[in-house]
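Subject: A structure for you to look at

Hi there,

Here is the structure I promised to pass on. Please open it next to this email, and then read on for what turned up in it.

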Amino acid sequence: MSTVKATLAAALAGAVFMTGGQVLAAQCNHKGGFPAFITDFKKEAAQNGISPRGLAALNGVTVDQAVLAADRKQGVFKQSFEQFSARMISRDRLVKGGKLMQQYAGQLKHIEQKYGVPGAVVVAIWGLETDYGVNQGKLNVVRSVATLAYDCRRSDKFQAELTDALRIVDRGDMASADMRGDWAGEIGQTQFLPSSYAKYAVSYDGRGKPNLVRNAPDVLASTANYLKNHGWQRGQGWGPGEPNFAAIKEWNAAEVYAKTIALFADKLNGGSGAKAENPAPQKKPAARSDRRAAR
């Protein structure tokens, strides 16, 4: 995520592997089964610069049938904006978001100075994605992405994501065992897909490797970096019809989700940043499945 991140419910144009001018693609639903697929994939990944350290993350990996079942259950997002935002922008989430903005005020100010993205926006995304890091998912990311890469429904897309997951391990950002996320391989407190993690994850203080699982300043800075690299315009509004709403839709293409991010950020910002309807928040936050349905 990731999303971070392409909308998983939408049709996605798949990436392909390129080496020496040739297109490489491990065979989905390999006639030799999953082990043969992994063997072929390792060869291709090595040709794409993944060293033995990264390739070792695939040792012993098996298909996760629960991931395939979750992928098959995706449907068209049917809730209205009023319904979805009222469930997602709970009173508890608003209160906690306000406290976190105070707690990280210094870091958020620095992040806005560097990336141009106000703190209210990144905190809103943080809250909506994982309840501020509480619900990051428990599935092994490499196994989840390998499962989807083997399946033929979106093999090109997830073979590219699997390469990036191995690249994260290879460059020492995270150990494979620590890469836990949701069923589609989202990582960390704002749910970056491996491709987004590899491109946009940053260390807030510039020292060491970025940690989007445990380090909140890294999470906030990386989320702002993602938005900046997807067209965020410093000092402009983020509500529907305003310049930065397009950047929010690059985070999640579902209209109701993007509008909910904008509205939540507006509320955290004291009502001065976005233009959207203003449903009364309810006490019970949305279930995790509702958040994933919008992705």
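Helices here are DSSP runs of H or I with at least four residues, strands are runs of E with at least two, and both are numbered from the N terminus. Leu-162 has 0% relative accessibility, so it counts as buried. For that word the cut-off is under 20% relative accessible area, while exposed means over 50% and partly exposed is in between, using a 1.4 Å probe and protein chains only. What does Leu-162 touch, leaving aside its neighbours within four places in sequence? Its contacts are Phe-41, Leu-58, Val-142, Val-145, Ala-146 and Ala-149, where contact means heavy atoms within 4.5 Å. Leu-162 is also 7.4 Å from Pro-194, C-alpha to C-alpha, although 32 residues separate the two in sequence.

Before going further, please note that this is a predicted model, in which local features need pLDDT of at least 70 and side-chain atom pairs count only at pLDDT 80 or more, whereas totals for chains, interfaces and linings use all residues. Residues are numbered from 1 along each chain as its sequence is written, and side-chain values use heavy atoms, with hydrogens and water left out.

Now for the whole chain. The protein chain has 14 helices and four strands, and 56% of its 295 residues count as buried. Its accessible surface is about 12300 Å², with 50% of that belonging to carbon and sulfur atoms; areas come from the Shrake-Rupley method with a 1.4 Å probe, and for residues only the protein chains shown count as cover.

Next, follow helix α13 (residues 255-268), whose axis comes within 10 Å of the axis of helix α5 (residues 91-103) and crosses it at roughly 60 degrees. Axes are lines fitted to C-alpha atoms, for helices over the stretch in contact, and angles run from 0 to 180 degrees between N-to-C directions. The two helices are therefore oblique to each other: under 35 degrees would be roughly parallel, over 145 roughly antiparallel, 65 to 115 roughly perpendicular, and the rest is oblique. On the α5 side, Arg-93, Leu-94, Gly-97, Gly-98 and Met-101 meet Phe-264, Lys-267 and Leu-268 of α13.

Gly-98 and Leu-268 are 170 residues apart in sequence, yet their C-alpha atoms are 6.2 Å apart in space.

How does α7 pack against α13? Their axes are 8 Å apart, at an angle of about 120 degrees, which makes α7 oblique to α13. Among the α13 residues that α7 meets are Phe-264 and Leu-268, which also meet α5.

Finally, two residues have a backbone angle to look up. Most residues other than glycine have a negative phi. Tyr-132 has a positive phi, near 65 degrees, and lies in the loop between α7 (119-130) and β3 (139-140). Is Tyr-132 buried or exposed? With a relative accessible area of 8%, Tyr-132 is buried. Gln-191 is not a glycine either, and its phi is positive at about 60 degrees. Gln-191 belongs to the loop between β4 (180-181) and α10 (194-200), and is buried, with a relative accessible area of 0%.

Enjoy exploring!
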